[in-house]
Amino acid sequence: MVSIIGAGPAGSYSGFNLAKKYDVKIYEEDKEIGKPVQCTGIITNNLPREIYSEDYILNKIPEAEIIAPNHKSLFINLRNKNLVLDRSKFDCFIADKARERGVKIITNEKLIRLKDHELIFKNLRVKDEFIIGADGPFSRVARDSGLFNKRKFIAAKQVRLKGKFNEDLVKFYLGIGTFSWVVPENNKIARVGIASNKNLNIEFKKILKLEGGKIINKQGGIIPIYNPLSRISKDNIFLVGDAATQIKTTTFGGIIPGLIAAREFSKGFKNYEFRVNQKLKKELILNSRMRKRLDRLNDKGYNELVELFSQEKLKKVMESYDRDFPSRFVVRLLLKEPRLLKFIS
Ligand SMILES: Cc1cc2nc3c(=O)[nH]c(=O)nc-3n(C[C@H](O)[C@H](O)[C@H](O)COP(=O)(O)OP(=O)(O)OC[C@H]3O[C@@H](n4cnc5c(N)ncnc54)[C@H](O)[C@@H]3O)c2cc1C
């Protein structure tokens, strides 16, 4: 028997992958899967085929604009259109796929404590051989199994804005917060967000001022920072998704890395950590290194970066790869423009 804690995308997709071999139960603290939404929901088109559906896709975006503090922009055609998800429908879709394979999902059941493979919930106690923590950034499973480590977090908030937007363009502002974005659902509504541990509200007001529009609703949350030194398994306890800090720290996207890790459960538990590290570690470390460099830049540095990337030879490289796998293009970029070394190495 396998117990998975958390019915987010990483938990449900882990269950889906394990259900062929094991009897799987997923325990979710919320009453409804996929709610509340605490995510912008933009991803590259690297979704596993078996959980792909048009049903939860609100928009497909072909172009990105990266805006420097001096308001100069770099436009990049996205090799594969980026997908904007209805996050709630997305989570429900994966959960249903897991159920179709026989996974039982128990909602409204919060894990309070894990001790010696015994899971203590609000209303029941269960002892299981295999336990998966897919319970988000503050993972109780990670805490109680000694896998939490000294992890760091970044705060994020977003609003849905009603206004006038180009539905074919996702915008990223450099130099406002640590990272900030405008993701259109359509030409009338956009999700405008920011991640920052410094002056979050003040920085957020800057983008809201630039974008205009009327706030429809507000959401917020915490994103874990990838820690390459942390273990993600111990004594048949495994972590996946945000619980395992599987986040790209350049853009703070976690959906695709979490699903890549969850897919490894299709090969069972043996060597899970090793296999996930082979798939993700190099990419996530590269992301962290780039983030460290970017965090040191001032406005002048960001302006210079956008200027450099505006060269046709670099744009071409950027347009040929997805951002999920930077190791595939970073060296090519450096070979074409050695001055980038100070920004991305
Ligand atoms: C404002 C914001 C915007 C973001 N935008 C993007 C984006 O555009 N693209 C992207 O790729 N990523 C984005 N992210 C990150 C993304 O949301 C996460 O990486 C992703 O949700 C991780 O999926 P998960 O399944 O690991 O965890 P989660 O989606 O957090 O799911 C964990 C589940 O576990 C449940 N749970 C937690 N504790 C317990 C417990 N003790 N007992 C039982 N159940 C429990 C929770 O209720 C939840 O359902 C954003 C994050 C934030 C905060």
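Visitor: Why is arginine 140 called partly exposed?
Guide: This is a predicted model, and arginine 140 has a relative accessibility of 32%. Buried means under 20%, and exposed means over 50%. The value of 32% lies in between, so arginine 140 counts as partly exposed.

Visitor: What makes arginine 140 and aspartate 144 a salt bridge?
Guide: Their side chains meet at 2.8 Å, N to O. The cut-off is 4 Å, so the pair qualifies. Aspartate 144 is partly exposed too, at 26%.

Visitor: How do you know that about one helical turn separates arginine 140 and aspartate 144?
Guide: Both belong to helix 3, residues 140-144. They are 4 residues apart there, which means about one helical turn.

Visitor: How many salt bridges are there by this rule?
Guide: The count is 21. Some are linked: Glu264, Lys267, Arg275 and Lys279 form a network.

Visitor: Why is glutamate 264 called buried?
Guide: Its relative accessible area is 2%. That is under 20%, so glutamate 264 is buried. Lysine 267, a salt-bridge partner at 3.1 Å, is partly exposed at 46%.

Visitor: What makes glutamate 264 and lysine 279 a salt bridge?
Guide: Their closest N and O atoms are 3.1 Å apart. The limit is 4 Å, so this pair passes. Glutamate 264 lies in the loop between helix 5 and helix 6, and lysine 279 lies in helix 6, so the pair ties together parts 15 residues apart in sequence. Lysine 279 is partly exposed, at 42%.

Visitor: Why is aspartate 128 said to have no salt bridge?
Guide: The nearest side chain of opposite charge is lysine 25, 7.1 Å away. The limit is 4 Å, so no salt bridge is counted for aspartate 128. Yet aspartate 128 is buried. Its place is the loop between strand 9 and strand 10.

Visitor: What makes aspartate 128 and serine 3 a polar contact?
Guide: Their side chains are joined at 2.5 Å.

Visitor: Is aspartate 55 buried or exposed?
Guide: Aspartate 55 has a relative accessible area of 58%. That is over 50%, so aspartate 55 is exposed. It sits in the loop between strand 3 and strand 4. Its C-alpha atom is 8.8 Å from that of aspartate 86, 31 residues apart along the chain.

Visitor: Why are strand 3 and strand 15 called edge strands?
Guide: They belong to an open sheet of 8 strands, in the order 3-5-4-12-13-14-11-15. Strand 3 and strand 15 each pair on one side only.

Visitor: How do you know that strand 11 pairs with strand 15?
Guide: 10 bridges join strand 11 to strand 15. Pairing needs at least two, so they pair. They run antiparallel. Phenylalanine 153 stands opposite proline 224 there. Strand 11 also pairs with strand 14, over 7 bridges. Arginine 160 has arginine 191 as its bridge partner in strand 14.

Visitor: What makes strand 11 mostly covered?
Guide: 7 of its 10 residues are buried.

Visitor: Which residues touch the most other members of the largest nonpolar core?
Guide: Ile132 and Val240 do, in a core of 62 residues. Helix 5 gives the largest share, 6 residues. Apart from this core lies another, of 36 residues, including Ala64 and Leu333.

How values were computed: Residues numbered from 1 in each chain as written. Predicted model: local features only at pLDDT ≥ 70, side-chain atom pairs only at ≥ 80, totals over all residues. Heavy atoms only, no water. Buried < 20%, exposed > 50% of the residue type's maximum accessible area, 1.4 Å probe, protein only. Core = buried A, V, L, I, M, F, W, Y, C linked by side-chain atoms within 4.5 Å. Lys, Arg positive; Asp, Glu negative; His and termini not counted. Polar contact = N/O pair within 3.5 Å; in protein donor to acceptor, adjacent residues only side chain to side chain.
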